[in-house]
Amino acid sequence: MRPRRSAVLLAALFLTVTTACTTSSTSDRADGTPRAGATGVDDHLFPALGNGGYDVAHYALELDYVPDDNALEGTAVITARATQDLSRFSLDLAGLRVRHAAVDGSDARFSRKKNKLTLAPARPIRKGETFRTTVRYDGTPRMLTASDGGNEGWIETDDGVAALGEPTGSMTWFPGNHHPSDKATYDIDVTVPSDYTAVSNGTLRETRQRGKRTTFRWHNPEPTASYVASVVTGVFDVSTTTTDDGLPVYTAVDPDEADGPVDVHDLVPEVVDWASDRFGPYPFSSTGAVVDHLPDLGYALETQTRPYFQEAPDTRLVVHELAHQWFGNSVTPRAWQDMWLNEGFATYAEWLWDEEHGHRSAQRTFDSFYDGTHSESDGIWDFPAADLPSAARVSDRPVYGRGAMTLHQLRETVGDRTFFGILRTWTREHRHGNADTEQFIALCEKKSGQDLTELFDTWLFSAEKPDAD
Ligand SMILES: [Zn+2]
């Protein structure tokens, strides 16, 4: 994500979501009696988010959408493996009406409470078993709105909808395990009126027209955190091409944003090739972008394989969101506390791009953050980048600016060769997985052969602005 105007865009929302629910977990029982999965995964900042007792492998979503009425009908088929004996389990779902639920083909009783849908299968599920949950639902999806005007979830546009899920919005359009620690693959079929296009993650396998409605069938075969799963519908000019390496590129541009500062269709493959040379092989089997017309949204999002831009982006923003494909989407933080592993890295990618394209050096950008002259440096000393005071601050400036400053200090300390070696090892070792700050520091020390405790304490964990040396 990169906020364009306000770094505290979603602050109020985070607070609301965090305090609106409670977490409960069940204790282990020695007698092997099946028990309920936990209704939270112990995320320090978002304790109610996610669910325990199972691990999702795949979501197959069939969505039928009528934009004029903002009416959605959905079927979610969720393939998961039980990590304990389960008597019942929960999914995150906000709003909508659940019409029917089944587990492995047998009707399952279900109940709703706050943002949890709890299912009781007809028979207990055994630990290690793979099971398939089907949920049929419909209704008017709601977006989640922050008091300062920021929105996430199912957001209506002037000609359709954008479903954007960071950090909790995906629960507004499909039931799931909506914590970044449970990544899964996706097949998303979206049916819309035939004058609309429906864009999602991965590759478009097929479009099928029936009468006045068309189904777009999207296949996304690499593990994806649900906050970067997405559907965008509207009227778009679509272009397809391939990168030099043969990677399919699919870009959709709202005609209202056709005259932007850059040609996104050409820029995406150029940035993907550039980033691949620095960060390691591109982690997914397709790429692209969606340029929508929703300027009031105030942020862009790194939706997997196909970043979402709320208006025509500039080059830096494209670099930022594509860098997230490595940092955030392929290597995903295990908990929201480690958001700097997303935003610090994507911000530093912008500094690197500038440095290599005749703009200011990363050192000069660092200096302008340090002395407060950079336009995005306001408030970066409010709290340490890797020690967030609350969920409300998860997308605040320190996570971006101080995160990037930490990486620059690391590069200065270990040298370019080791620094880029660290980045490539990081994206290789945790490709398609989850990781945390401790693992990053351990990797830096291993690759450099140095004790970097003081560096990270100073730049990542200290409350105070470090002294200039
Ligand atoms: Zn970002």
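1. In what order do the strands of the open sheet of 8 strands come? The order is β7-β6-β10-β4-β3-β14-β17-β16, and the pairing is mixed. Its edge strands are β7 (106–107) and β16 (203–210), each pairing on one side only. For the terms: strands (E, at least two residues) and helices (H or I, at least four) are DSSP runs, numbered from the N terminus, and two strands pair if DSSP finds at least two bridges between them.

2. A word on what you are looking at. This is a predicted model, in which local features need pLDDT of at least 70 and side-chain atom pairs count only at pLDDT 80 or more, while totals for chains, interfaces and linings use all residues. Residues are numbered from 1 along each chain as its sequence is written.

3. β6 (residues 97–103) and β7 run antiparallel and are joined by 2 bridges, with alanine 102 opposite aspartate 107 in β7. The two strands form a hairpin with 2 residues between them, and aspartate 104 in that turn has a positive phi of about 50°.

4. β10 (residues 130–139) is worth a look from both sides. With β6 it runs antiparallel, joined by 6 bridges. Arginine 97 has aspartate 138 of β10 as its bridge partner, and valine 103 has threonine 133 of β10. β4 and β10 also run antiparallel, this time with 10 bridges; there, glycine 74 is partnered by tyrosine 137 of β10.

5. At the β16 end, β16 pairs with β17 (residues 213–224) in the antiparallel sense over 7 bridges.

6. Two backbone details deserve a second look. As background, most residues other than glycine have a negative phi, and most peptide bonds are trans. Asparagine 70 has a positive phi of about 45° although it is not a glycine; you'll find asparagine 70 in the loop between β3 (54–66) and β4 (71–82). The peptide bond joining glutamate 166 and proline 167 is cis, with omega about 0°. Proline 167 sits in the loop between β13 (160–164) and β14 (184–193).

7. There is also an open sheet of 4 strands, in the order β19-β20-β21-β23, again with mixed pairing. β19 (237–242) and β23 (308–309) are at its edges with a single partner strand each, so one side of each has no neighbour in the sheet. Inside the order, β20 (residues 248–253) and β21 (residues 287–291) pair in the parallel sense over 5 bridges, and threonine 251 has alanine 289 of β21 as its bridge partner.

8. Now the helix packing. The axes of α3 (residues 315–323) and α4 (residues 340–356) come within 8 Å and cross at roughly 135°. Axes here are lines fitted to C-alpha atoms, for helices over the stretch in contact, and angles run from 0 to 180 degrees between N-to-C directions. That angle makes α3 oblique to α4 (under 35 degrees counts as roughly parallel, over 145 as roughly antiparallel, 65 to 115 as roughly perpendicular, and the rest as oblique). The crossing of α3 past α4 is right-handed: a crossing gets that name if the near helix is turned clockwise from the far one by less than a right angle, and left-handed if anticlockwise.

9. Who makes that contact? From α3 come Arg316, Val319, His320 and Ala323, and from α4 Phe345, Ala346, Thr347, Ala349, Glu350 and Trp353. Contact means that C-beta atoms, placed from the backbone, lie within 7 Å. By class, the residues of the α3 contact with α4 divide into 6 nonpolar, 2 polar and 2 charged (Ala, Val, Leu, Ile, Met, Phe, Trp, Tyr, Cys and Pro count as nonpolar, Asp, Glu, Lys and Arg as charged, and the others, Gly among them, as polar).

10. For the next pair, α5 (residues 362–370) and α6 (residues 397–414) pack at about 135° with axes 10 Å apart, which makes α5 oblique to α6. The crossing of α5 past α6 is left-handed. Ala362, Phe366 and Phe369 of α5 meet Gly401, Met405 and His408 of α6, and this contact has 4 nonpolar, 2 polar and no charged residues.

Definitions and conventions:
Contact = placed C-beta atoms within 7 Å.
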